[in-house]
Amino acid sequence: MKNFIKLTLPTFLLLGSSTLYATNGDLMIGQGAKSRAMGGVGVAKSFGADSALANPALITSVRHSEVTGSLTFFMPDVEFGANDFDSRASGSDLSFIPEFAYARSVSNFAIGVQASGVAGMGVDYDGLTGKTKDNGAFDMQTELQLFKIAIPLAVEFYPNISIGVAPVLEIGSLQMNYMTPAGGSDNPKSNSSALGFEVGAAYDDGTYAIGAVYKSEIELSYANNISQAVADFGLASIASGDTLTQPAEYGVGISYRYHRNTLSADYRLIAWSDAKGYGDFGWKDQDVFALGYEYKFEKASLRLGFNYAESPIVEQDGNTYDGAAKNFFNLAGFPGIVEQHYTAGFGYNINKDLEFNGALIYAPQIKESYNISGMSGALGFPTPAEADVAHSQLGITLAVSYKFL
């Protein structure tokens with residue numbers, strides 16, 4: 001008997017086939033090497049063209065024009081075990097995530113474009129069931145990827161005060177498959193796209209900076225995947241069909257510069273509970289706290305950061321079939337439980353035009369155990385029963401920027 005769930009979101013400029021990003025839930029922490037090196041801050045701290053998806057008002061900091069390209073090497077480590085089976089590692093342990101950003105300013109106006117992977121999640125336990133490596137995950141495979149293209153427009157309408165708006169196209173791809181006692185599923189990969197927007201404001205007098213941003217929810221629909229899996233596993237309480245909505249976000253930030261030092265802090269609220277799909281599986285709203293520090297040498301920069309957000313996944317009543325099945329799906333297929341990220345990075349200016357930046361992101365292991373007795377009993381396994389997952393992350397981002405002065 002085996003379950004095999006496979007989620008796949010589009011790889012439009014995404015190179016990895018199986019993904020679990022450095023995440024708050026399934027959302028990446030920050031955009032670009034500079035932001036990630038500083039714990040994912042970016043609501044009040046400008047990173048030039050890379051600010052389009054953090055706070056579009058901040059692209060007014062670009063002088064003339066700037067282009068940035070980056071690549072993230074992401075290496076998650078996930079282990080799962082259920083019932084009396086031993087824990088085994090997921091085979092989804094390396095992904096490549098490219099990003100591109102461009103911004104140009106004319107007088108007090110700025111416009112740009114940013115294309116980036118912004119969310120993802122995935123595990124791969126295929127081929128383990130019935131063998132010595134069986135871990136009770138029923139050969140589960142999942143993959144979730146989301147990609148955003150934003151076109152920010154910002155204006156500095158008063159000295160030191162900017163506002164910006166960015167229409168956003170989000171592209172998604174989802175595939176879910178599994179093996180039940182009746183046999184394996186054959187759900188096709190489903191692609192989806194939808195429009196949203198982001199709006200932000202910022203004040204920056206050169207010493208103090210404050211910012212605020214709102215990101216709209218974006219509703220995507222993946223035909224013949226979620227609804228089919230829900231029907232096959234008898235999850236009667238899931239009413240969202242094939243809809244999986246990326247949640248709205250609200251953020252505020254503050255930044256302080258003193259000589260060569262900059263200290264920045266952000267707070268974001270991610271509204272998982274109101275997002276169709278996530279809310280149905282019991283995800284709660286998430287408070288995200290990010291702290292970053294930067295020290296500038298003559299031609300180089302040193303950056304450090306920390307990011308904390310309590311896991312949005314809430315254990316359901318595992319003594320019922322419905323609650324146990326949700327617990328199983330969340331931990332085995334969507335283990336977005338990582339809470340702490342420690343970050344560090346560097347920057348080096350080759351000359352006044354060309355700059356290299358790098359970031360290292362480490363999320364220490366966190367473990368969760370949820371009750372799945374209701375599901376195990378219905379499938380003929382011994383009860384009481386638990387699903388156990390352990391999850392840690394390591395990521396490296398390398399970037400190059402060129403300023404047209």
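Where does proline 384 lie? Proline 384 sits in the loop between α4 (373-378) and β22 (386-404). A cis peptide bond joins threonine 383 to proline 384, with omega about 0°. Most peptide bonds are trans.

This is a predicted model, in which local features need pLDDT of at least 70, side-chain atom pairs count only at pLDDT 80 or more, and totals for chains, interfaces and linings use all residues. Residues are numbered from 1 along each chain as its sequence is written, and side-chain values use heavy atoms, with hydrogens and water left out.

**The whole chain**

The chain holds four helices and 22 strands. Helices (H or I, at least four residues) and strands (E, at least two) are DSSP runs, numbered from the N terminus. Along the principal axes, the C-alpha atoms fill a box of roughly 70 × 35 × 30 Å. The radius of gyration is 22 Å, which agrees with the value near 22 Å for a compact globule of 405 residues. That radius is taken over C-alpha atoms, and the globule rule is 2.2 Å times the number of residues to the power 0.38.

Of the 405 residues, 57% are buried. Buried means under 20% relative accessible area, exposed means over 50%, and partly exposed is in between (1.4 Å probe, protein chains only). The chain exposes about 15600 Å², and carbon and sulfur atoms supply 58% of it. Accessible areas come from the Shrake-Rupley method with a 1.4 Å probe; for residues, only the protein chains shown count as cover.

Contact means heavy atoms within 4.5 Å. Among contacts between residues at least 6 apart in sequence, 70% join residues at least 24 apart.

Why is strand β7 (residues 141-150) largely enclosed by the rest of the structure? Nine of its ten residues are buried, so the strand is largely enclosed. Two strands pair if DSSP finds at least two bridges between them. Strand β6 (residues 109-124) runs antiparallel to β7, joined by ten bridges. Glycine 120 has glutamine 145 in β7 as its bridge partner. Strand β9 (residues 161-174) is also antiparallel to β7, with seven bridges. Here phenylalanine 147 stands opposite isoleucine 171 in β9.

**Strand β15**

Strand β15 (residues 243-246) is covered on both faces. Thr243 and Thr245 are buried on one side, and Leu244 and Gln246 are buried on the other. Strand β14 (residues 218-221) pairs with β15 in the antiparallel sense over four bridges. Serine 221 has threonine 243 in β15 as its bridge partner.

**Two asparagines with positive phi**

Most residues other than glycine have a negative phi. Asparagine 160 has a positive phi, and so does asparagine 224.

**Alanine 89**

Alanine 89 is found in strand β4 (residues 88-89). At 44% relative accessibility, alanine 89 counts as partly exposed. Leaving aside neighbours within four places in sequence, alanine 89 is in contact with Val78, Glu79, Asp124 and Tyr125. Alanine 89 and proline 364 are 275 residues apart in sequence and 16 Å apart in space, C-alpha to C-alpha.
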